[in-house]
Amino acid sequence: MRGLTQKECAAKIGLSEGQLNRKLAGEYNFKQSEIHNLCDLLDIDAKEIGYYFFVLKVEKYQRQK
C-alpha cells in the first residue's frame with residue numbers, strides 16, 4: 001500500500017487495523033467515505049474504483065446465478 005503498513009493506512013482513513021483487515025477480506029463493506037479516502041491516499045483514479053472495490057463481488061454474484 002504505497003509503502004504504508006496496513007496499520008498506518010487504516011489510521012490515515014480513520015479505521016483500526018482490524019477493521020481494515022476485515023473490510024479487505026470482504027467480511028464488511030467499505031463506506032463511501034472510506035473508499036474516497038483510500039483512493040486519495042493510494043492515488044487511485046475515480047474511474048478505477050470499481051476495479052478495486054466491486055469486481056470480486058460482481059463476479060461472485062454472477063457465478064451464483
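Asp43 is placed in the loop between helix 3 and helix 4 (49-53). Its phi is near 55°, a positive value in a residue other than glycine. Most residues other than glycine have a negative phi.

The model is predicted: local features need pLDDT of at least 70, side-chain atom pairs count only at pLDDT 80 or more, and totals for chains, interfaces and linings use all residues. Residues are numbered from 1 along each chain as its sequence is written, and side-chain values use heavy atoms, with hydrogens and water left out.

**Overall architecture**

Helices (H or I, at least four residues) and strands (E, at least two) are DSSP runs, numbered from the N terminus. Of the 65 residues in the chain, 22% are buried. The chain exposes about 5,200 Å², and carbon and sulfur atoms supply 49% of that area; accessible areas come from the Shrake-Rupley method with a 1.4 Å probe, and for residues only the protein chains shown count as cover. Among contacts (heavy atoms within 4.5 Å) between residues at least 6 apart in sequence, 27% join residues at least 24 apart.

**The salt bridge**

The structure holds one salt bridge, defined as a side-chain nitrogen of Lys or Arg within 4 Å of a carboxyl oxygen of Asp or Glu. The side chains of Lys23 and Glu34 form it, at 2.6 Å from N to O. Lys23 lies in helix 2 and Glu34 in helix 3 (residues 32-42), so the pair ties together parts that are eleven residues apart in sequence. Helix 2 itself spans residues 17-24. Lys23 is buried, and Glu34 is buried as well. Leaving aside neighbours within four places in sequence, Lys23 is in contact with Leu15, Tyr28, Asn29, Phe30, Lys31 and Glu34.

**The nonpolar core**

A nonpolar core is a set of buried Ala, Val, Leu, Ile, Met, Phe, Trp, Tyr and Cys residues joined through side-chain atoms within 4.5 Å. The largest such core has twelve residues: Cys9, Ala10, Ile13, Leu15, Leu20, Phe30, Ile35, Leu38, Cys39, Leu42, Ile44 and Phe53. Helix 1 (6-12) and helix 3 each supply at least two residues of this core, and helix 3 gives the most to it, with four residues. In soluble globular proteins, nonpolar side chains tend to be buried together.

Ile35, a member of this core, lies in helix 3. Not counting residues up to four places away in sequence, Ile35 touches Phe30, Ile49, Phe53 and Phe54. Ile35 and Phe53 are 18 residues apart in sequence, and their C-alpha atoms are 7.9 Å apart in space. Ile44, also listed in the core, is in contact with Cys39 and Tyr52 when its neighbours within four places in sequence are left aside.

**Relative accessibility of selected residues**

| Residue | Relative accessibility | Class |
|---|---|---|
| Lys23 | 13% | buried |
| Glu34 | 6% | buried |
| Ile35 | 10% | buried |

Note on methods: Buried means under 20% relative accessible area, exposed over 50%, partly exposed in between (1.4 Å probe, protein chains only).
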